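Please read this briefing alongside the sequence and the coordinates. It goes topic by topic.

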Amino acid sequence: MNTPYIVEVRRAGVALGGRPIVRDIDLAVRAGEVVALLGANGSGKSTLVKAVVGLHPLSAGEVQLFGEPLADFHEWHRLGYVPQRSPSAQGVPSTVAEVVAAGRLSRRRPFMPARRSDREAVSRALDAVGLRDRARHPVSTLSGGQHQRVLIARTLAGEPELLVLDEPNAGVDLASQEAIAGTLSSLAAEGATIVVVLHELGHLADMIQRSVVLREGRVVYDGPPQDSPTEHDLHHEHHRPSTPPVVHPPLKAPLDRRA
Amino acid sequence: MDLLLAPFMLRALLAAAVTGLAAPAVGTYLVQRRLSLMGDGIGHVCVTGVALGLLTGTSPTLTAVIVAILGALLIELIRSTGKATGDVALALLFYGGIAGGLLLVSLAGNGVFALQQYLFGSINTISPSAVLVSVALAVVVLVLSFALLPQLFSVANDEDYARTTGLSVRFYNVVISVLAAVTVSVAMRTVGLLLVSALMIIPVATAQQFSRGFRTTMLGAMVAGTVAAVGGVGVSAFADVPPGATIVLVSLAGFALTAPLGLVVQRRRRALLPFPVQALSPVAETHDTVEEPHGHEHGPRCGHPAVEHGDHVDYIHHGHRHASHGGHYVEH
């Protein structure tokens with residue numbers, strides 16, 4: 001394969017408040033790949049993608065997007081990040097169309113009014129997630145699943161080549177999960193590169209080409225999704241073929257009752 | 001009627017109108033960022049600015065603008081570096097601003113009375129040049145508020161996401177802070193520093209009861225602010241009451257009068273919600289199997305309200321929730 005790397009993470013570490021969350025991760029994603037980042041809560045998958053899109057500083061290693069180190073990266077219109085939905089209510093009402101239009105700003109210059117192409121991109125994005133009829137509704141009147149679709153539409157409005165999604169199925173009803181899976185499949189068919197953080201493959205299982213499983217901030221599996229360790233495996237002590245199992249010496253805290 | 005056409009009255013009405021337009025425009029961004037009290041913080045800092053002007057014999061408006069901008073930048077710096085939460089940062093500036101102002105004024109030797117026209121507004125004695133400065137500053141504030149609306153909205157709405165679209169979040173946050181500082185200086189002569197924040201926030205609270213979007217909230221707030229400011233000056237001219245306080249009370253009356261209508265609108269809007277998402281409960285709830293016959297399979301278009309419930313969707317059916325489970329429905 002000679003397709004270029006779209007995302008290249010080399011020996012990356014991320015520490016939040018002095019605590020290492022992501023440790024020594026290597027990850028390379030080629031153009032057109034659809035990669036799922038899996039792992040239990042607290043395994044560092046959200047932190048990793050936030051570092052990849054530049055929201056968390058790296059404590060070690062480096063990240064390259066489209067062949068540029070993150071610090072020099074300026075082609076933000078090629079990147080589309082869909083953050084995890086946060087339930088916090090906004091201070092002022094905003095319509096679905098207003099929120100989605102914010103995704104177009106990667107291609108707009110300040111002080112310039114929206115052009116026809118900008119408005120069309122917003123309409124197309126709303127169509128893609130099936131919320132065209134909700135464009136003038138306040139975001140606060142949407143269900144969790146519809147809100148998640150708005151966040152995806154916002155990112156699609158920027159017409160990115162790389163999509164990075166953080167748990168798009170968390171707290172989302174089944175109908176919306178199907179709608180999201182449909183949207184992402186057609187994007188993948190058009191050649192988009194997709195990195196998606198998931199708790200479980202769920203409705204997206206058919207389109208995922210590669211699974212990367214994280215555990216305690218490290219990659220413990222990288223390969224075809226069907227061979228990836230299940231949730232069950234990850235919740236129990238196990239050892240990787242390449243490294244011997246770590247056997248902790250018996251420890252006793254000073255105040256433990258002596259046996 | 002003659003009173004309303006007197007030159008000083010026309011100046012007052014013009015100054016009130018531009019304040020009523022500009023203050024809510026910036027106020028909308030402050031409410032969106034949950035910094036409603038920022039106007040108060042800057043207003044208090046302005047007291048020091050005015051006192052500095054009185055002490056040095058320069059224009060108090062000029063020194064107020066400069067000190068207000070410095071104060072706003074300081075609030076933004078403290079907030080963004082996370083050294084203190086937003087409200088603690090504001091509180092520190094509140095007290096420093098007022099205390100500094102009082103100290104400087106007493107040094108100037110003209111006592112607290114010199115401050116009074118700035119603290120409570122003095123729109124009826126405003127000079128033609130001061131009106132001109134107010135109009136010019138208000139125009140700058142309005143042009144920037146509208147020209148940069150998409151960017152400022154995105155940053156105020158979702159700072160992290162805005163960063164991934166290549167926007168300089170820090171720059172736009174500074175723009176909002178500076179706009180707030182300039183607005184406070186404009187409104188200083190109209191409603192006074194102690195009440196300036198009211199004209200930035202109350203019209204927004206009035207407008208957002210009815211509006212669906214950010215832009216309509218801003219426009220509605222500007223209408224409400226202008227009506228309150230011009231109406232307040234008019235009332236104070238006939239009733240011989242202080243204009244600053246009257247403007248704020250008229251604004252509050254507008255909110256109070258529209259609140260019942262706002263409640264109705266809110267309730268109707270809530271009814272449009274698919275159904276509130278139930279809190280996830282990790283503990284299994286007691287399930288009762290429902291025996292009643294089902295004419296249809298519950299689905300997105302069956303007409304029964306859907307409720308997200310943990311990992312599945314329930315459908316409200318005759319006052320209880322149905323969840324598809326195997327071949328039957330269980331009641332939650």
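The points below cover chain B, its contact with chain A, and then local features of chain A.

This is a predicted model. Chain B has 13 helices and five strands. Its contact with chain A takes 35 residues from chain B and 35 residues from chain A.

**Chain B overall**

- Of the 332 residues in chain B, 45% are buried.
- Take the contacts in chain B with a separation of 6 or more: 70% of them join residues 24 or more positions apart.
- Helix α11 of chain B, residues 196-207, is mostly covered, with twelve of its twelve residues buried.
- The buried residues of α11(B) include B:V196, B:L199, B:M200 and B:I201. B:S197, B:P203 and B:T206 are also among them.

**Helix pair α2 and α12 in chain B**

- Helix α2 (residues 7-32) and helix α12 (residues 214-239) of chain B have axes that come within 7 Å.
- Their axes cross at roughly 150 degrees. α2(B) and α12(B) are therefore roughly antiparallel to each other, since the angle is over 145 degrees.
- The crossing of α2(B) and α12(B) is right-handed.
- The contact of α2(B) with α12(B) holds 18 nonpolar residues, seven polar and no charged.

**The side of chain B that touches chain A**

- The contact between the chains draws 35 residues from chain B and 35 residues from chain A.
- On the chain B side, the elements that give two or more residues are α2, α8 (149-157), α9 (159-164), α12, α13 (243-272) and β2 (306-309).
- α8(B) gives the most to this side, with five residues.
- By class, the side of chain B that touches chain A has 16 nonpolar, twelve polar and seven charged residues.

**Strand β9 of chain A and its partners**

- Strand β9 of chain A, residues 210-215, is mostly covered: five of its six residues are buried.
- β9(A) runs parallel to strand β3 (residues 34-38) of chain A, and four bridges join the two. Here A:L37 stands opposite A:V212 of β9(A).
- β9(A) runs antiparallel to strand β10 (residues 218-223) of chain A, through five bridges. A:S211 has A:G223 in β10(A) as its bridge partner.
- β9(A) and β10(A) form a hairpin with two residues between them. In the turn, A:E216 has a positive phi of about 50 degrees.

**Helix pair α3 and α4 in chain A**

- Helix α3 (residues 116-128) and helix α4 (residues 144-157) of chain A pack at an angle of about 140 degrees. Their axes are 8 Å apart.
- α3(A) passes α4(A) in a right-handed crossing.
- From α3(A), the residues that meet α4(A) are A:A121, A:V122, A:A125, A:L126 and A:A128. They meet A:A153, A:L156 and A:A157.
- The contact of α3(A) with α4(A) has eight nonpolar residues, no polar and no charged.

**Positive phi in loops of chain A**

- Most residues other than glycine have a negative phi.
- A:F111 has a positive phi, near 75 degrees. A:F111 lies in the loop between α2 (96-101) and α3 of chain A.
- A:F111 counts as exposed because it has 10 C-beta neighbours inside 10 Å.
- A:E167 is not a glycine either, yet has a positive phi of about 50 degrees. A:E167 lies in the loop between β7 (162-166) and α5 (174-189) of chain A.
- A:E167 is buried, because 20 other C-beta atoms lie within 10 Å.

Terms used:
Residues are numbered from 1 along each chain as its sequence is written. Chains are lettered from A and ligands numbered from 1 in the order in which they are written. This is a predicted model: local features need pLDDT of at least 70, side-chain atom pairs count only at pLDDT 80 or more; totals for chains, interfaces and linings use all residues. Axes are lines fitted to C-alpha atoms, for helices over the stretch in contact, and angles run from 0 to 180 degrees between N-to-C directions. Angles under 35 degrees count as roughly parallel, over 145 as roughly antiparallel, 65 to 115 as roughly perpendicular and the rest as oblique. A crossing is left-handed if the near helix is turned anticlockwise from the far one by less than a right angle, and right-handed if clockwise. Ala, Val, Leu, Ile, Met, Phe, Trp, Tyr, Cys and Pro count as nonpolar, Asp, Glu, Lys and Arg as charged, and the others, Gly among them, as polar. Two residues are in contact if their C-beta atoms, placed from the backbone, lie within 7 Å. Two strands pair if DSSP finds at least two bridges between them.
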